[in-house]
Amino acid sequence: MTPLYQRVAFIGLGLIAGSMALAMRRGGLVAEIVGTARSAETRAIAAEIGLVDRVTDTAAQAVEDADLVVLCVPVGAMSAVAQEIAPYLAQGATVTDVGSVKQAVIDAVGPHMPRHVHFIPGHPLAGTEHSGPRAGFAELFDNRWTILTPLEGADAAATDRLTRLWQGMGAQVDVMDPPHHDLVLAVTSHTPHLIAYTMVGVADDLRRVTDSEVIKYSAAGFRDFTRIAASDPTMWRDVFLTNKDATLEILGRFTEELFALQRAIRRGDGDHLHAYFSRTRAIRRGIIDAGQDTDAPDFGRSKR
Ligand code: NAP
């Protein structure tokens with residue numbers, strides 16, 4: 001198959017960039033993969049394990065002659081990276097990103113993009129709580145969704161090529177407008193992470209009272225919270241700083257529901273609790289039916 005891109009440049013070499021590089025190789029989707037990261041340590045590891053074909057010292061060197069540039073750094077670092085690479089971007093190159101919040105990335109990166117490149121923001125809805133250059137694996141995007149949020153007037157051919165790349169990496173692709181993406185993700189990912197962080201924090205306080213019982217009996221539901229709450233602190237700090245309005249909106253609704261359930265418990269309103277839990281159980285069934293998780297006790301994460 002003819003490669004979709006001749007040279008891909010990754011800025012940032014963590015979980016997402018690493019998984020993309022491995023998935024691109026698996027599919028024979030690109031001719032050459034170049035990458036760089038902020039620290040010499042990450043660059044050395046990436047070179048040692050052959051994560052990319054060539055590691056460069058700077059972002060400016062990485063993007064030279066690249067027809068696809070993928071920004072794989074935390075959302076809060078996107079603006080500085082965009083500014084740094086802008087003068088070195090090749091004519092007609094596509095610049096995309098994988099940031100978990102879209103409007104903030106567009107505001108941060110868009111103003112730095114020269115007119116001769118196609119900026120097409122994106123977000124793969126796939127991840128783990130692991131980070132760094134050793135965390136990536138080729139199957140991460142298989143049967144997961146990637147959302148592209150092309151700007152008004154975006155080049156259709158460039159968007160189509162990027163879509164085919166994601167499909168080649170195993171993903172299904174949807175297009176959304178950026179504010180809608182940020183609201184959907186506030187419901188499906190951002191607020192659940194905050195709740196997990198809170199629950200683990202509460203249990204940690206409790207641990208001082210109950211000693212090791214919280215760890216010992218964690219299989220009873222708490223363990224999945226701890227997995228989510230082990231996610232990268234920098235990435236998640238940036239998500240809440242940049243998707244403030246949508247997460248506050250969803251948190252407000254969450255708090256109202258929580259109070260309603262609290263009242264039902266206080267009043268012994270079993271009907272309310274049963275009806276509520278029946279509704280949520282149906283949602284879980286729907287996710288499994290849509291192929292986005294399995295019924296297995298490890299929730300399909302055994303491949304990791
Ligand atoms: P990661 O494994 O922690 O890797 C982040 C990379 O960015 C590292 O190479 C790091 O370099 C570099 N970096 C960090 N801060 C930087 C800065 N201030 N300036 C320049 N480079 C910097 O992160 P990841 O999980 O791949 O996440 C990358 C992006 O993907 C984020 O925008 C995140 O929102 C998005 N995303 C993550 C997930 C997920 O579940 N993890 C899912 C979908 C999308 P060093 O190693 O040298 O520090």
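Modeller: Hello! Here Ala, Val, Leu, Ile, Met, Phe, Trp, Tyr, Cys and Pro count as nonpolar, Asp, Glu, Lys and Arg as charged, and the others, Gly among them, as polar. This is a predicted model, in which local features need pLDDT of at least 70, side-chain atom pairs need 80 or more, and totals for chains, interfaces and linings use all residues. Residues are numbered from 1 along each chain as its sequence is written, and side-chain values use heavy atoms, without hydrogens and water.

Biologist: What makes up the shell around the ligand, by class?

Modeller: The shell has 14 nonpolar, eleven polar and one charged residues. In total 26 residues surround the ligand, with R38, S39, T42, V73 and S100 the closest; a residue counts if one of its heavy atoms lies within 4 Å.

Biologist: Why is α11 called oblique to α12?

Modeller: Helix α11 (residues 244–267) packs against helix α12 (residues 270–289) at about 140 degrees, their axes 9 Å apart. Angles under 35 degrees count as roughly parallel, over 145 as roughly antiparallel, 65 to 115 as roughly perpendicular and the rest as oblique, so α11 is oblique to α12.

How values were computed
Axes fitted to C-alpha atoms, helices over the stretch in contact; angles between N-to-C directions. Helix = DSSP H or I, 4+ residues; strand = E, 2+ residues; numbered from the N terminus.
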